Amino acid sequence: MDVILGLTTKDAVIVATSMAAVRGVSILKADDDKTRVVAPHTLVAYTGEAGDTVQFAEYVQANIQLHGMRNETELSPPAITSFVRSELAKSLRSRKPYQVNILIGGYDTATEKPYLCWVDYLASRAQVPYAAHGYAAYYTLSLLDRWHKKDISLEEGMKIMEMCVAELRTRLPIDFKGVQIKVIDRDGVRTV
Amino acid sequence: MSDPSSINGGSVVAMVGKDCVAIGCDMRLGMQALTVSNDFPKIFQFNNAFLGLTGLATDVITLSEVFRYKVNLYNLREERKIEPETFANLVSSTLYEKRFGPYFVGPIVAGINSKSGDPYICGFDLIGCINFAKDFVVGGTSSDQLFGMCESLWEPNLEPDDLFETISQALLNAQDRDALSGWGAIVYVITKDKVVKRLLKTRQD
């Protein structure tokens with residue numbers, strides 16, 4: 001029951017991921033980072049099958065970083081999304097598909113706009129103003145429909161994110177040990 | 001896992017008019033009951049052929065990219081634009097290649113032949129069987145509703161503006177009776193010299 005949420009503001013993307021790492025009935029750790037920085041201005045948040053998640057995220061990270069080293073340039077978030085989607089699509093009809101759901105949050109330095117993309121384990125992709133995966137989506141998307149507007153400030157975005165986390169704390173039956181918030185803007189990725 | 005063609009939802013419809021064709025789609029992308037996006041168009045343009053793709057969203061995206069690739073190479077080799085009839089056969093062969101591991105889609109093609117000016121529409125099943133029609137073709141989770149709407153509203157030789165009204169009403173009323181389709185609609189009206197793309201104002205539920 002991992003939580004990953006994302007929302008765009010005027011100049012940034014805010015991504016929140018739950019910090020509990022659970023196996024069976026035990027909580028392994030309460031500070032688990034469910035994200036990987038794949039490029040200076042792009043973050044991949046993941047959830048899904050244990051093992052597949054980190055394996056796939058680090059595979060993406062390695063390939064994107066290699067591209068950056070070879071070509072001395074950063075891939076844009078939409079380009080990274082295309083790569084992620086095509087790898088998931090290739091995996092879908094293989095012997096054992098990756099069961100990983102992903103949110104890609106980035107800042108496109110060419111268009112100077114924040115970018116958020118929802119990609120699921122079937123390799124469906126949708127660029128959206130706000131997104132969530134899993135059970136969290138059922139509780140938070142309606143809040144985001146109600147309060148999110150285009151071009152809100154970072155502070156307003158953080159308030160909406162707090163509202164979403166509060167709702168999850170109220171309604172989810174398990175303790176997800178809070179969320180780690182990452183912000184991606186023109187200066188890169190930072191933890192808040 | 002449920003039926004792949006009704007996980008994400010979506011509808012498309014195409015109709016023939018007097019020297020024109022129209023093709024329309026809804027804008028919903030869902031995960032069963034949950035709506036993920038209201039900005040997921042299902043119609044793609046390849047030269048003067050329009051392809052409407054419903055079904056499993058991942059295959060819709062994959063196929064739109066596969067056909068973009070194939071049509072680009074066609075343009076480079078043939079040094080001309082692809083015609084709707086030719087594109088339809090390309091769709092058919094591409095789908096049949098995956099006969100025993102198919103793409104879960106319900107494509108429809110619409111366009112006007114640039115040489116003869118004849119309107120052309122057809123539909124396919126997931127393995128590429130061409131369903132050529134002289135009136136209308138439908139596809140998606142509200143195909144039954146679309147069949148009913150089209151059969152009653154369509155008449156031959158509609159002018160472009162009348163064809164637009166007809167196809168729009170068929171799409172709107174059909175998608176309003178389907179839980180998995182809706183959240184917006186786009187209609188393209190194609191004539192020999194221009195293409196008009198209109199976003200319809202629909203129920204957002």
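Mentor: A residue is called buried under 20% relative accessible area, exposed over 50% and partly exposed in between (1.4 Å probe, protein chains only). The model is predicted, so local features need pLDDT of at least 70 and side-chain atom pairs pLDDT 80 or more, whereas totals for chains, interfaces and linings use all residues. Residues are numbered from 1 along each chain as its sequence is written, chains are lettered from A and ligands numbered from 1 in written order, and side-chain values use heavy atoms, without hydrogens and water.

Side chains of opposite charge can pair when their charged atoms come close. Over all chains there are 16 salt bridges (a side-chain nitrogen of Lys or Arg within 4 Å of a carboxyl oxygen of Asp or Glu).

One of them joins A:Arg85 to B:Glu65, at 3.8 Å from N to O. This pair crosses between chains: A:Arg85 lies in helix α2 (residues 77-92) of chain A, and B:Glu65 in helix α1 (residues 57-78) of chain B (helices, H or I of at least four residues, and strands, E of at least two, are DSSP runs numbered from the N terminus). A:Arg85 is buried, at 2% relative accessibility, while B:Glu65 is partly exposed, at 28%. Shared partners bring A:Arg85, A:Arg125 and B:Glu65 into one network of salt bridges.

Within chain A, A:Arg36 pairs with A:Glu58, their closest N and O atoms lying 2.9 Å apart. The two residues are 22 residues apart, and the pair links strand β5 (residues 35-39) with helix α1 (residues 52-71) of chain A. Here A:Arg36 is buried, at 17%, and A:Glu58 partly exposed, at 37%.

In chain B, B:Arg203 meets B:Asp205 at 2.7 Å, N to O; B:Asp205 is exposed, with a relative accessible area of 56%.
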